[in-house]
Amino acid sequence: MPEHTFDLVVVGSGIAGQTAATSAAEAGLRVVLLEKTEKLGGSSAMSGGWFAFSGTPEQAEQGIEDSAELFRRDMLELGEHLNDPALLEAYLANQEQTYRWLKDHGVVFREVEISSGMSARRGHNSVITDVLARLHRDFTAAGGQTRLEHRAVRLVREDGRVTGVVAATADGEALFTGRGGVVLATGGFSRGTDLLKVFAPEQLAAIPYGGKGNTGDGLTMAWKLGAGMADMSFVSGTYGSHPETGEEFHELLTAYYMGAIIVNTEGRRFVDESQDYKTLGRVVLDQPGGLGFEVFDAKVRAKSHRGIPLKDIDTLEDIGHVYKADTIEELAAAAGIDPAALAETVRRYNAAAAGEAADEVGRTSLCNGVGDLLPIDTAPYYAYPAKSLMTTTYCGVTITPAGEVVDVDGDVIEGLYAIGEVTGGFHGAAYMTGTSLGKGAVFGRIVAARAAARLGAAVRA
């Protein structure tokens, strides 16, 4: 078997792997980036491009009050205090440096918005394909090497330390040895039917999405070495994608955070719409056809921002995925919802919004305690049919704050790092928008610094 030796072997080319690889290469390490498929980017390239950061210049310019303390509180409350506090502290301690590093690489954050799990506007939106392209360009300029269509199939361990990984290629198997170790950045298992059957069989009803290579390779390789796991019981898709969602662009609408309600085909609300969309994604599976309609009026429609994921009603209407009518009853008939029931549901919701009655599902805000309820009373009216989208699994192997994989007894597996969606412990029970790309970048930087320090190099701040 041919052997190729580098300072660091990074497996997976999403934001986590690309950040780690670029940072390590810029520190002077000889790095190889292995990608299973024929295309770079993984699930990150299919995402909405949101990063969660607090205390940024963009927030200050818009008068947004946020802090690391509020960020921490939101994460713990959202995760039901099942998050690993040490991982949260590592994120918060390194977010500013990571934000600055991304900006130094030309990343532009074009919008700051509130979304799932946030109590302040801390979602920083980027054109994620541009971010990944910029980082890979700089990785290559720093001497990094890329190998497409190289699927990692097993880890190599010598004297208790992981020293390399075997990859299946078009020319057969090849061994990639890393003097500084191996970094697993292989993503979740949103496409891994076998693993979903084991850990979350009910989620097989969600729309499969995410990178085509996301079948859980990294997780199973680490599992074979005795890696611990965390958050495996919280796998859930994300609510808000049309039943005909394709892979051409990130189709996910969160009009419910802008003022919409969610009803089933019977015209009945079934959940507090201000909750995180991972929780909503779990609940909607129990509705007829696994379907929920986001129902809103002209006031919410006016909040659309073309080209910005989660808020782009314009494009969804252009492609025919949004129903529109002059009355609630006509809207219901067009969308296949019970007209009389929807009219009554909207009436009750408007009464709650006006403070005349308690809301029937206990909703008191637009998003995670922020924003007053808006009556649905201004024609025309709209309905967007949506299901749960299995974008990623938000769980995986256990790691230290330095990104080192630990086994079921809590001991470090020397030479093995894991970052991004192959890891567990960070999110806990639910998910905040932007923390997936955010943790990929933050822990990618942390692991690169760790490996560089052990090999005597220094990551550029």
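Let me start with R122, which in this predicted model lies over the face of F71, at 4.6 Å from the ring centre. That is a charge over a ring, and from there I would like to go on to rings that meet other rings.

The structure holds 16 aromatic pairs, and I will take two of them in turn. One is formed by Y256 and Y257, whose rings are 4.7 Å apart centre to centre with 70° between the planes, an edge-to-face arrangement. Are these two tyrosines buried or exposed? Y256 has a relative accessible area of 0% and is buried, and Y257, at 7% relative accessibility, counts as buried as well. Both of them also belong to one aromatic cluster, which they form together with Y239, Y277, Y394 and Y431.

The other pair I want to show is that of F296 and Y382, where the ring centres are 5.4 Å apart and the planes meet at 10°; because planes under 30 degrees apart count as stacked, this pair is a stacked one.

Now to the division of the chain into domains. Domain 1 is made of two segments, 3–233 and 391–455, whereas domain 2 spans 238–389, and the C-alpha centres of the two domains lie 32 Å apart. How many residues take part in the contact between them? On the side of domain 1 there are 31 residues, and these are in contact with 28 residues of domain 2. Between them the two domains bury about 2400 Å², and 57% of that area is on carbon and sulfur atoms. Within domain 1, the residues that lose the most area to domain 2 are E111, I207 and Y209, which together account for 24% of what that side buries.

Finally, a word on charged contacts. Between domain 1 and domain 2 the count is two salt bridges. I would also point out the salt bridge that E113 forms with K311, in which the closest N and O atoms are 2.9 Å apart.

Notes. Residues are numbered from 1 along each chain as its sequence is written. This is a predicted model: local features need pLDDT of at least 70, side-chain atom pairs count only at pLDDT 80 or more; totals for chains, interfaces and linings use all residues. Side-chain values use heavy atoms; hydrogens and water are left out. Rings of Phe, Tyr and Trp (its six-membered ring) pair if their centres lie within 6.5 Å; planes under 30 degrees apart count as stacked, over 60 as edge-to-face and the rest as tilted. Buried means under 20% relative accessible area, exposed over 50%, partly exposed in between (1.4 Å probe, protein chains only). A charge sits over a ring if NZ of Lys or CZ of Arg is within 6 Å of the ring centre and within 35 degrees of the ring normal. Domain bounds come from an automatic or database domain assignment. Contact means heavy atoms within 4.5 Å. Buried area is the accessible area (1.4 Å probe) that two parts lose on being put together, summed over both. A salt bridge is a side-chain nitrogen of Lys or Arg within 4 Å of a carboxyl oxygen of Asp or Glu.
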